[in-house]
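Please look at the structure below before reading on.

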Amino acid sequence: MEVMRVLHMNKGNGENSYAKNSTVQSNIISLGRRVMDEALKKLMISNSEISSIGIADLGCSSGPNSLLSITNIIDTIQNLCPDLDRPVPELRVSLNDLPSNDFNYIFASLPEFYNRLNNKKEGLGPARGGGESCFVSAVPGSFYGRLFPRRSLHFVHSSSSLHWLSQVPCGEAEKEDGVNKADLDNVGKIYISKTSPKSAHKAYALQFETDFSVFLRSRSEELVPGGRMVLSFLGRSSQDPTTEESCYQWELLAQALMSMAKEGIIEEETIDAFNAPYYAASSEELIMVIEKEGSFSVDRLEISPVDWEGGSISEESYDQVVRSKPQALASGRRVAGTIRAVVEPMLKPTFGENVMDELFERYAKIVGEYFYVKTPRYAIVIVSLVRTG
C-alpha cells in the first residue's frame, strides 16, 4: 500500500465526504482545547518580546475542521494579549497534510476565514495591510520528516493524525526479526487483534516507535527552544494493544469484510494481505519514545475516553446500555459514515470501489448491534510538549 497516495479523507462535499462526516474529529479538537490554551499561555509569557509567531497545524485534513484548530489558536492568542499587556503578534500559520489532501477545499474557505478574523479584530488578515496580521499558507508533505526551516516555528498543533503510520509496518519487521508479510499471518484481520501473532504486535509497535521518533526529531529542528507542541490522537489507556478501545473499530470492519468473502463478493486472500497503517499507542510507549529521542519534555499528558460518536463518557457509563434498538442502529450508521470518510480511500485500491456501499452497509449494521450491547469508546491521548535546549 502506498500510504502517501491513499491516506487522505474522502474529498469534496458529498454524502460520504469527510466534510460531512467529521463531527468526531471536531469533538476531539474541542477536547484538547484546554490543554492547548494552557500551552499557548505559557508560550506567550515566555516569549513576551516576539513580534512574529510561527504556527503549524499538522494533518489539517479538509472540510470544516481544517481551519477550526487555527481559529481556536488565533482566538486564544488574541484573548491572551490584553491580559499580558502586549500587542497581538504577527501570525504565520502553516497548514500541513499529505499532497493527496483536498487543499482546494481549504483554499476556497480562506476568504470567509479572513472575513471572520477581520470582523473580530480590526487589522487581522493580509487584505487589511498594516497592524497585526495573519498569513496562512499550505505545506504539503509527510510530517514524518522535515517540513519547515530551522527554528521557524513557535507552536505546533496536531489532532487526529499521529495514529496514522508512515507505512504498513511489515518492512520494519523484516529488518528486525527476519520475518516477511506472510510470517505476520494476520489471517482474517486488517489490524492487530487478540488472534494476531506476536510478530504482528511487535511490527506495529516498532513502526510507531520509528515514526514518532522521526516526527520528534524533525520538529526539534523546526521549533525554537521553548517552543511548544500539543498533540491529540487515538491511543489506548492499557498496555495491551488488543483492547477494544484501541482496535475494535477495525475488528468490526474485518467482520464486515469476512462476511462478504464468505459470500464470494471479495477474496479472503485480499483481507489477509491488507493491514491498516494505524497504531493506537499507550502513554508508556509515548513517553518512552519522547525520553529516548531527548528533544522534548512532557508538560502534560492526559487520556480521555470518548464514545465512537465523539461524546465524552465516564468509566461508569461504558457498559451501560442506554439505547433502544433503533437508536443503536442509527448510531451504527453515523459511525459507519465517519469511518468510511476516513478509510475508504485506502480500501478502494485493494477491495474495489464497486463493493464500498455494500461493505459500509454491513459495517453500519454490525456497529449498530454492538452499540445495543455497550457504549464503544476510543481513548484520546492529549500531550503537551516543550522543546528543550
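The questions and answers that follow concern this predicted model.

Q: What makes up the protein chain, in helices and strands, and what share of its residues is buried?
A: The protein chain has 13 helices and eight strands, and of its 389 residues 60% are buried, where buried means a relative accessible area under 20%.

Q: Why is alanine 341 called buried?
A: Alanine 341, which has its place in helix α12 (residues 325-351), has a relative accessibility of 0%. The cut-off for buried is under 20%, and therefore alanine 341 counts as buried.

Q: Why is aspartate 85 called exposed?
A: Aspartate 85 lies in the loop between α4 (68-83) and β2 (90-97), and its relative accessibility is 72%. Exposed means over 50%, so aspartate 85 counts as exposed.

Q: Why is arginine 151 called partly exposed?
A: Arginine 151 is in the loop between β3 (134-140) and β4 (153-159), with a relative accessible area of 44%. Since buried requires under 20% and exposed over 50%, with partly exposed in between, arginine 151 is partly exposed.

Q: What makes the phi of aspartate 85 and of arginine 151 worth a remark?
A: Aspartate 85 has a positive phi of about 55 degrees without being a glycine, and arginine 151, also not a glycine, has a positive phi of about 50 degrees. Most residues other than glycine have a negative phi.

Q: Why is α8 called oblique to α11?
A: The axes of helix α8 (residues 198-222) and helix α11 (residues 283-293) come within 10 Å and cross at roughly 45 degrees. Because angles under 35 degrees count as roughly parallel and 65 to 115 as roughly perpendicular, the angle of roughly 45 degrees makes α8 oblique to α11. Residues in this contact include Phe212 of α8 and Leu286, Val289 and Ile290 of α11; by class, the contact has eight nonpolar, two polar and five charged residues.

Definitions and conventions: Residues are numbered from 1 along each chain as its sequence is written. This is a predicted model: local features need pLDDT of at least 70, side-chain atom pairs count only at pLDDT 80 or more; totals for chains, interfaces and linings use all residues. Side-chain values use heavy atoms; hydrogens and water are left out. Axes are lines fitted to C-alpha atoms, for helices over the stretch in contact, and angles run from 0 to 180 degrees between N-to-C directions. Helices (H or I, at least four residues) and strands (E, at least two) are DSSP runs, numbered from the N terminus. Angles under 35 degrees count as roughly parallel, over 145 as roughly antiparallel, 65 to 115 as roughly perpendicular and the rest as oblique. Contact means heavy atoms within 4.5 Å. Ala, Val, Leu, Ile, Met, Phe, Trp, Tyr, Cys and Pro count as nonpolar, Asp, Glu, Lys and Arg as charged, and the others, Gly among them, as polar. Buried means under 20% relative accessible area, exposed over 50%, partly exposed in between (1.4 Å probe, protein chains only).
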